[in-house]
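Reader: I'd like to learn how to read a model like this one, feature by feature. Could you take me through it?

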There are 2 protein chains.
Amino acid sequence: MTDLLTSALQPRSVAIIGASDNIHRIGGRPIYYMQRHGFKGAIYPVNPSREEIQGCKSYASLSALPEVPDLALVVVGGDKAVAAVEECADLGVKSAVVIASGFGETGPEGVELQRHMVARARAKGMRLYGPNTQGLANFGTGAIAGFSTMFIEVPPMDGPIGIVSQSGGMSAMTYGLLRGRGLGVRHVHATGNEADVSVGELALAVAHDPDVRLLLLYLESIANPAMLAAAAAHARERDLPIIAIKAGRSAQGQKAASSHTGSLANEDRTVDAFFRQHGIWRVRDPHEQARAAQAYLKGWRPEGRRLVVISNSGASCVMGADAAEDEGLPLAELSAQTQAAVASKLPGFATASNPIDVTAALLSDSGLFGKVLPEVAQDPAADLFFINIPVAGAGYDVQTFARDAAAFEAATGKPVAVAAWQESVAEPFSAQGIATFPNEGEALGVLAQVTNHTALMRKQRTAWPALPQVQLPEGVRGFLNEADSLALLARHGIPTVPLRLCHSAQEARDAFDAVGAPAVVKACSAEVPHKSEHGLVALGVATREQAADLYERFDAKMQAMGVARDGVIVAATRKGRHEFMVGARVDPVFGPVVVVGDGGKNVEALKDCAVLLPPFSTADVVQALGTLRIAPLLAGVRGDPPLDVQALAEIAVAVGRVIAGARGAMASVDLNPVMVGAAGEGAVVVDALVECAGVPSSGS
Amino acid sequence: MTDLLTSALQPRSVAIIGASDNIHRIGGRPIYYMQRHGFKGAIYPVNPSREEIQGCKSYASLSALPEVPDLALVVVGGDKAVAAVEECADLGVKSAVVIASGFGETGPEGVELQRHMVARARAKGMRLYGPNTQGLANFGTGAIAGFSTMFIEVPPMDGPIGIVSQSGGMSAMTYGLLRGRGLGVRHVHATGNEADVSVGELALAVAHDPDVRLLLLYLESIANPAMLAAAAAHARERDLPIIAIKAGRSAQGQKAASSHTGSLANEDRTVDAFFRQHGIWRVRDPHEQARAAQAYLKGWRPEGRRLVVISNSGASCVMGADAAEDEGLPLAELSAQTQAAVASKLPGFATASNPIDVTAALLSDSGLFGKVLPEVAQDPAADLFFINIPVAGAGYDVQTFARDAAAFEAATGKPVAVAAWQESVAEPFSAQGIATFPNEGEALGVLAQVTNHTALMRKQRTAWPALPQVQLPEGVRGFLNEADSLALLARHGIPTVPLRLCHSAQEARDAFDAVGAPAVVKACSAEVPHKSEHGLVALGVATREQAADLYERFDAKMQAMGVARDGVIVAATRKGRHEFMVGARVDPVFGPVVVVGDGGKNVEALKDCAVLLPPFSTADVVQALGTLRIAPLLAGVRGDPPLDVQALAEIAVAVGRVIAGARGAMASVDLNPVMVGAAGEGAVVVDALVECAGVPSSGS
């Protein structure tokens, strides 16, 4: 549980330990900023060598202050920082922001020092920010416990945006980009080494600020996904969009991140799945965060994705249509009526279908946009509007275009984006409050982002009923054999191939009679997870005597290999129309993770799979299957019937519930192949491998 | 053969038919521009209602001019335009630029009018530009036969860039973007409807201007690839990079393009292959053309792609590493020596490995970049340099950073790109001539583009020896049967499965004995190209009597279907480690096109294939195979040996030579599956279908 970090974000009093009269020093900046940006609480400079600092009385020590401050900003470095934190904790300060670097990011000794500070703080109920942070800034309260140069470079203005970032540099850059676009920013917080308070916890606190309408995050590692999930849940509840950067997307980036902060790498596809699960939109960099901000703040929450493109250039119509397809935005099919109405407003050589080319006739008739737009607005097929003006200038009445576009947006309530690279063209649109971009790629990228993000935020969350009790053999660490693995899955309702585990040639004969020809015979040993590589699998076994012979051969082979002889499996042959895989593992950070994908021998080489985080529904699985490269096969090719994706999805959900139900006792499970038949024929698991974590389930 | 369009690009005299005294009218602009931008030749306004126009004597008619002008600009519209073109041609004018619209873009009648004008011009040796064009502009000679408003919006400056565009709007926009970046532009030409002169031919002419060092094209359709190829060949010869937009990349875009200009759609993957083949770099829009221009003009021609990232922000190091991986740029592995040398210049908590984080210590030591760069320059592992400055401002000596970076670039001759979004940070770098971008995505995108484009331009071109004579049955239009198709391929040295075409059960028995068990039996009829869908294929035929039975059954079935009974094939069974496909067809614009890809039943659904244009080498095929989604399988998975890609590549080259050798008589050929074995085991075509175009070969 969190107290929403009030003592840091809305402190009544702030002490600066290591205060300076020089506003260009780290100890001078926060005082300067707080005085300038309306902080109403008490400011207590602590510096034994001065009487007064920036007009405030300076104190020799923390204990000399007239009250215990809510927040202490620790600007001194090294051992002094540690001592200051200890003193703060002992005195009952509620929050301490530690600017000093040289802690966790430098190696094990620094990590130990951090731990010590946090332990001391916790013991006294104090929260710690940093160390190695640029600090916190709340322009709503004027509480600026940070020193970023950027607040001098680009003057602050309070507004509806919150920024929470591990990196001080990125918080400053994002702030600067937003302010450069004229947008107001309230929260600019950096968490640095996150010895105590993380981006997730600060995000949760900021999400509770009712004036915040857009939340931007920068993360280099996710150590506490639950806190971030809580922030996202609260944000969704109040329709607050979160746009996050998670750097270290690539192998190179993860290596750089680990050398930057020493943080654990997160598996990137799991990060993607986590963000999707929680309605957080992921972008690559602060530019992508900033470019979309205005659209969100305008309250765009599109219901559909059918786009109308309007331009005064045929070429821009074509490139707009291309860019729309890149972004997955289909061009709206305007009704014949709409097209006729549009055509009646345009010169004969213009194009009245979508994209609508008003042509250079715009030069002689400035009202063309204004005439065309209301006609298009009538058409229910149109969800999103994009006006592309690649060329204008002397003779073009851009003011009129902009007024007409603004009136149209106000009347329809539907998103209108404009692309114009000429400042003289963009400016009148911006002045009318229209979302204006330098090119069609950005404009359509933002339209698509807001549309997709809205759908993601509004998506019904899946709830799972009580998890099954999943019992794993006690004391086993490592793989169960195939028979035990399949039996465990079968016990939890997952369809598996009929089989018998045989311990003699006669049992193999009997099993053959039971499962029917052609049968599959496989050696069964927990110590040989990859049987086929050892020639321990026989397909198409046609007679009971062949089955008996194979029993003898496989048993002898296992004996020769010196591995546990758990028996020989005689199984029915099951073929589907396509082989899939379903896997699950427990991620050290995110917990149970399920993977579905193309199956068979080439799974690891082709990696055509999708990641799902519990809880998820069969509909989620079907959607995930639709992102696979083999997705076109799902509907059936060349006259084949569609595949039974529902049956496959049910297996994936069941596997997710099993690994979650094992509560840490199951390290992983791998079902490959899962034979999937035509719709209605079902799916069946033909081979499986369960890995035990070697620890008991963490309780039910 | 072309005369390099001298009479249009360097005319000695220009007549303006429909001249105006008003410089804001289309008939007034060109005169204004020519007078202003140093045109040294004669300007002849033609307008019967005036004595003088913009200080020039005005003439009542073309025939009244004191000389026949090199170039006539036809500003009048409709029938008057046609009459003016006729008069120009009859008088011996060398080039006419027709501004008027209302021709080919409006429908069949307009197309007919265009044809008429071109025919009249050709008969008299006159070249025609447009109609429906914004015209031509050469700021080297001052010959501005165009009216773009943009030359008023953004003042021209002669320089080393040429723009040739179908669209006038795009030529103007690209010009404006380049001038906005301070770059000089010489040629700004629009071809409009291309009734006569195309982008390709103008590009060839502009490529012969020795002062042009970068050529930018905008195309909506490619009708004459040979001319474009000739332009590209000349450009490559003189190391002149070409960056092209081909709009209508997507289904939506092609539809819009066809309604814009009525032009034929080009298959987009073939366009990609064509550009690759000719060393032309393809981008999406004018912004991408403009953003890379400076880097090309600086003469960047990188020899390698190993990148060094340097920043004053750890987060930017991480995002830089991510963006580098997005662009396929590996981070250079700096030697231990380099790292030690770099570390000695940096504070203890900075990172000396690549990416190099100089940290905010840059604030206190402005010389840090200057100290670090020479140490890195020593390291032969570094090809490309990227400096990322997400935050700077008061207290940072950016002038010094910029000077140090410029000195470094001059000393090493290696590309240095800077990302800085703050104008105050970017400006000093730009002033030093450093390529500076607003973000790491653009900076690394351009570094990667120039590196990849340089490699593409320098790639050895493949030459094919004389093509084979490929004989197709006379008078056949449509498919050959499988036996004939395979026989044709075999005659040209392509390995095919051993088979016999049988016409009786006894022949089937004999054939079985010859090919061996297990055999494959297939019905053979040119009228049943998809045999398996009719149950006319049997695999794993084990005995000669089975073969004989199948003969009877398949023959009866063909008879029942009422199709040509060409016989029944008894073939050997050939299995490889993977099934591929090789196909070829004659594209109506680009000629023979070869496709290689993943084979089997799902070819059309999964479309995992790559396009090659003849002539190409086996190395080209191997490279193309490396772009497939199944590429990871080529090296062999889970201990398997690598596949015999060389054998597959040889088949692809042979197929390309066969379809090219057929000189139009072969419409398409489809080899699927091609069974490819392990390296050294070869590849063999198991099924094939040749389609005859029904026309004789176009001669040898």
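Author: Let's start with one pair: B:Arg585 forms a salt bridge with B:Asp587, and their closest N and O atoms are 3.3 Å apart. The term salt bridge here means a side-chain nitrogen of Lys or Arg within 4 Å of a carboxyl oxygen of Asp or Glu. As for the ground rules, this is a predicted model, where local features need pLDDT of at least 70 and side-chain atom pairs count only at pLDDT 80 or more, while totals for chains, interfaces and linings use all residues. Residues are numbered from 1 along each chain as its sequence is written, chains are lettered from A and ligands numbered from 1 in the order in which they are written, and side-chain values use heavy atoms, with hydrogens and water left out.

Reader: Are the two partners, B:Arg585 and B:Asp587, buried or exposed?

Author: B:Arg585 is partly exposed, with a relative accessible area of 27%, and B:Asp587 is buried, at 8%. The cut-offs are under 20% relative accessible area for buried, over 50% for exposed, and partly exposed in between (1.4 Å probe, protein chains only).

Reader: How many salt bridges does a search of the whole structure find?

Author: The general idea is that side chains of opposite charge can pair when their charged atoms come close. In this structure the search finds 64 salt bridges over all chains. One of them pairs A:Arg120 with A:Glu86, the closest N and O atoms being 3.8 Å apart. A:Arg120 lies in helix 4 (residues 108-123) of chain A and A:Glu86 in helix 3 (residues 78-91) of chain A, so this pair ties together parts that are 34 residues apart in sequence. By helix I mean a DSSP run of H or I with at least four residues, and by strand a run of E with at least two, numbered from the N terminus.

Reader: And where do B:Asp687 and B:Lys531 sit?

Author: Those two form a salt bridge as well, with B:Asp687 and B:Lys531 having their closest N and O atoms 3.2 Å apart. They link distant parts of the chain, 156 residues apart: B:Asp687 is in the loop between strand 29 (683-685) and strand 30 (688-693) of chain B, and B:Lys531 in the loop between strand 22 (519-524) and strand 23 (537-541) of chain B. Both B:Asp687 and B:Lys531 are buried.

Reader: Let's turn to helices. Which residues of helix 3 of chain B are buried?

Author: First the general idea: an α-helix has 3.6 residues a turn, so residues three or four places apart point the same way. Helix 3 (residues 78-91) of chain B has 14 residues and reaches 20 Å from its first C-alpha to its last, close to the 20 Å expected at 1.5 Å a residue (that is, 1.5 Å times one less than the number of residues). Its buried residues are B:Ala81, B:Val82, B:Ala84, B:Val85, B:Cys88 and B:Ala89. Seen down the axis of helix 3 of chain B, they fall within an arc of 160°, so they line one face of the helix; the arc is taken over the directions from the helix axis to the C-beta atoms. On the face turned away from that buried side, helix 3 of chain B carries the exposed residues B:Asp79 and B:Lys80. Just after the helix, B:Gly92 takes a positive phi of about 95°.
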